[in-house]
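Visitor: I would like to learn how to read this structure. Please take me through its features in turn.

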Amino acid sequence: MNGKNPDIVPYDDRCWSCRKREATKLCDFINGTVWNSKDFQTRQNTCDLPICEKCAVNIAEEFDFCPKCAEKARKKLGVSAK
Ligand SMILES: [Zn+2]
Ligand SMILES: [Zn+2]
């Protein structure tokens, strides 16, 4: 015993959606592009919400979206929710 309970996930590491499990993924949904005045580059601004394996919605095999963005993506793509 080292006084630490491994079942308790630090608040900052928790999934944004269920707030219980450890977030192992970040939402890949692109919110838009941001222009950086330092290097004059335009880059994609992703949602980046931390989500756990269970809450992540896998779209097109390679993207993991948070439930909120998955909803947006479905509407955008015209894919009906399951
Ligand atoms: Zn979760
Ligand atoms: Zn998201």
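**Reading the model**

Guide: Ser 17 lies in the segment before strand 1 (25-26). Helices (H or I, at least four residues) and strands (E, at least two) are DSSP runs, numbered from the N terminus. This is a predicted model, in which local features need pLDDT of at least 70 and side-chain atom pairs count only at pLDDT 80 or more, while totals for chains, interfaces and linings use all residues. Residues are numbered from 1 along each chain as its sequence is written, and chains are lettered from A and ligands numbered from 1 in the order in which they are written.

Visitor: Is Ser 17 buried or exposed?

Guide: A residue is buried if 20 or more other C-beta atoms lie within 10 Å of its own, exposed if 12 or fewer, and partly exposed in between; C-beta atoms are placed from the backbone. Ser 17 counts as buried because it has 20 C-beta neighbours inside 10 Å. By contrast, Asp 7, also in the segment before strand 1, has 5 such neighbours and therefore counts as exposed. Of the 82 residues of the protein chain, 17% are buried.

Visitor: Which residues is Ser 17 in contact with, leaving aside neighbours within four places in sequence?

Guide: Two residues are in contact if their C-beta atoms, placed from the backbone, lie within 7 Å. For Ser 17, the partners are Ile 51, Cys 55, Cys 66 and Pro 67. Cys 55 is 38 residues away along the chain, yet the two C-alpha atoms are separated by 6.7 Å. Cys 66 in turn touches Trp 16, Ser 17, Cys 27, Cys 47, Leu 49 and Ile 51, again without residues up to four places away in sequence.

Visitor: How many residues does the largest nonpolar core have?

Guide: In soluble globular proteins, nonpolar side chains tend to be buried together. A nonpolar core is a set of buried Ala, Val, Leu, Ile, Met, Phe, Trp, Tyr and Cys residues joined through C-beta atoms within 7 Å. Here the largest has 13 residues, and Cys 27, Ile 51, Cys 52, Phe 65, Cys 66 and Cys 69 have the most contacts inside it.

Visitor: What pattern do the helix and strands follow along the sequence?

Guide: The chain has one helix and six strands, in the order β-β-β-β-β-β-α.

Visitor: In which sense do strand 2 and strand 3 pair?

Guide: Two strands pair if DSSP finds at least two bridges between them. Strand 2 (residues 30-36) and strand 3 pair in the antiparallel sense over six bridges. Thr 33 has Gln 44 as its bridge partner in strand 3, and Asn 36 stands opposite Gln 41. Strand 2 lies largely in the open, because the number buried among its seven residues is zero.

Visitor: Where is Phe 40 placed, and what is its phi?

Guide: Most residues other than glycine have a negative phi. Phe 40 sits in the loop between strand 2 and strand 3, and its phi is positive, near 55 degrees. Phe 40 is exposed, because 7 other C-beta atoms lie within 10 Å. Asp 48, in the loop between strand 3 and strand 4, also has a positive phi, near 65 degrees. With 13 other C-beta atoms within 10 Å, Asp 48 is partly exposed.

Visitor: Where is confidence lowest and where is it highest?

Guide: pLDDT is the predictor's confidence in each residue, from 0 to 100. The chain averages 88, and 88% of the residues score at least 70. Confidence is lowest in helix 1 (residues 67-77), at a mean of 89, and highest in strand 4 (residues 50-51), at 97.
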